[in-house]
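The sequence and the structure come first.

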Amino acid sequence: MATVALVFVIAVALAFDYFNGFHDAANSIATVVSTRVLSPRIAVAWAAVFNFIAFLIFKTKVASTIAKGVVQPSVFTIGVVFAGLVGAIAWDLLTWYFGLPTSSSHALIGGLAGAGVARAGWSALIGSGFQKIAVFIVIAPILGLFLGFTILVGVMWAFHRYRKVDRLNHGFRRTQLLSAAAYSLGHGGNDAQKTMGVILALLIAAHHLPASASVPIWVVLSCHAAIALGTLSGGWRIVHTMGSRITKLQPVGGMSAEAAASATLFFTAAHGIPVSTTHTITGAIVGVGTTQRLSAVRWGVAGRVVWAWILTIPGAFAVAWIVFMPFHLAR
Amino acid sequence: MRRTIGRRPLFFFVATLACAALVPATPSDLRWVDWFTAALGAFWTIMLALEDLLGPGAPPRPERHPRVEDTMPFAPPPRPGAGGRPAE
């Protein structure tokens with residue numbers, strides 16, 4: 001019975017990973033689609049491939065943070081993880097339906113925290129882990145913003161004497177393929193590891209692995225495959241918000257935004273910091289937009305994004321808490 | 001006309017302040033990220049502010065009235081009955 005429950009919750013975790021890729025597909029493809037470098041169909045395939053192969057580049061530090069750095073590992077049970085996943089998935093579906101670019105990462109963290117608190121009270125939370133995550137909720141998009149601005153200004157300065165604009169744009173369209181690939185690597189490397197962390201926590205809680213275990217290879221491959229399939233399935237509903245409604249992008253702007261976002265994601269993955277890939281690319285796109293002028297950014301849309309950020313962790317926390325409480329009261 | 005700092009450097013300044021304010025809450029091994037981000041933001045805040053104050057958009061300085069020989073290829077004809085004062 002316990003094994004059946006374990007397999008079921010692992011399947012739910014992989015489903016969350018799939019929805020993560022589905023929900024975040026727009027982040028990976030919006031800039032290359034809005035600048036017409038790739039068609040949407042080819043763009044999602046491009047992103048999915050690099051989502052999958054990200055496991056060849058990144059270690060599993062983010063997974064370790066999720067499994068052991070957010071909620072006390074001793075609090076995790078199959079029920080806690082299940083409730084956390086349900087909270088995160090429910091929040092993701094809600095924001096997907098309304099076309100809001102939210103953060104699957106923060107939804108998962110909020111969900112696990114809500115379920116953990118429902119079981120064991122506030123002492124279930126690891127303060128230092130939450131501290132690190134909370135700080136980088138703000139730092140990651142701001143870093144993306146400043147880097148996006150810096151890269152675009154640097155590129156514009158480097159090429160300001162170049163007269164053959166068409167050739168220049170053609171060149172930037174090609175480099176945008178590279179920057180989009182780098183961003184998808186960062187996305188896969190960061191987001192797939194969150195599900196890896198959840199499954200690792202499950203396996204440890206079910207005593208299938210010791211507490212000091214690292215992520216098994218089958219978990220690595222299945223999580224990357226799930227997120228890649230989710231990306232491939234698309235997230236077309238959100239693409240308009242990310243790519244073209246926040247600010248208008250030229251190939252050089254798209255390339256700069258993705259380069260900035262991927263640099264941020266590579267850094268955070270290397271340091272085991274779970275961040276929102278959505279926040280990061282949004283910050284980078286805003287940074288690129290402000291090279292023109294502040295009014296080049298459609299702040300009404302960006303404002304809706306900020307509200308989604310503020311509500312994600314509490315929203316997923318509340319749903320997970322509500323889902324877990326019947327289990328807790330029934331004991 | 002007096003130049004003022006626009007909204008763009010102020011926006012960057014606020015974002016820079018946010019990064020600096022998070023330093024105490026950041027784990028010590030990662031504080032350099034906050035400082036790096038804040039330094040980058042401070043740099044652009046200053047550059048954008050200087051652009052607003054001194055950049056090409058600033059109105060030209062008022063010029064002294066140009067002498068006629070600066071603008072006309074030939075010496076102007078004397079005004080009828082005048083003492084040789086050039087026409088404007």
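Buried area is the accessible area (1.4 Å probe) that two parts lose on being put together, summed over both. Between chain A and chain B this area is about 2000 Å², and carbon and sulfur atoms give 85% of that value. The model is predicted, so local features need pLDDT of at least 70 and side-chain atom pairs count only at pLDDT 80 or more, while totals for chains, interfaces and linings use all residues. Residues are numbered from 1 along each chain as its sequence is written, chains are lettered from A and ligands numbered from 1 in the order in which they are written, and side-chain values use heavy atoms, with hydrogens and water left out.

**Interface**

Helix H6 (residues 127-158) of chain A supplies 14 residues, the largest share of the side of chain A that touches chain B. Helices (H or I, at least four residues) and strands (E, at least two) are DSSP runs, numbered from the N terminus. Counting a contact as heavy atoms within 4.5 Å, 25 residues of chain A and 22 residues of chain B take part. The rule finds four residue pairs in polar contact across the interface, both at pLDDT 80 or more. A polar contact is a pair of N or O atoms within 3.5 Å; within protein, one must be able to donate a hydrogen and the other to accept it, and residues adjacent in sequence count only if both atoms are side-chain atoms. Zero salt bridges are found between chain A and chain B, where a salt bridge is a side-chain nitrogen of Lys or Arg within 4 Å of a carboxyl oxygen of Asp or Glu.

**Aromatic pairs**

Rings of Phe, Tyr and Trp (its six-membered ring) pair if their centres lie within 6.5 Å; planes under 30 degrees apart count as stacked, over 60 as edge-to-face and the rest as tilted. Over all chains the count is 14 aromatic pairs. Two of them are listed here.

| Pair | Centre to centre | Angle between planes | Class |
|---|---|---|---|
| A:Phe149 and B:Trp44 | 5.0 Å | 70 degrees | edge-to-face |
| A:Phe159 and A:Phe172 | 5.6 Å | 80 degrees | edge-to-face |

The pair of A:Phe149 and B:Trp44 crosses between chains, from helix H6 of chain A to helix H2 (residues 31-54) of chain B. A:Phe149 is buried at 2% relative accessibility, and B:Trp44 is buried at 11%; buried means under 20% relative accessible area, exposed over 50%, partly exposed in between (1.4 Å probe, protein chains only). One aromatic cluster is formed by A:Phe146, A:Phe149, B:Phe11, B:Phe12, B:Phe43 and B:Trp44.

A:Phe159 is partly exposed at 35%, whereas A:Phe172 is buried at 9%.

**Chain B**

Chain B has three helices and zero strands, in the order α-α-α from the N terminus. Of its 88 residues, 26% are buried. Among the contacts in chain B with a separation of 6 or more, 58% join residues 24 or more positions apart.

**A:His187**

Helix H7 of chain A also holds A:His187, which is buried with a relative accessible area of 0%. The side chain of A:His187 makes a polar contact with the side chain of A:Asn51 at 3.3 Å. Not counting residues up to four places away in sequence, A:His187 touches several residues, including A:Asn20, A:Asp24, A:Ser28, A:Ile227 and A:Leu265.
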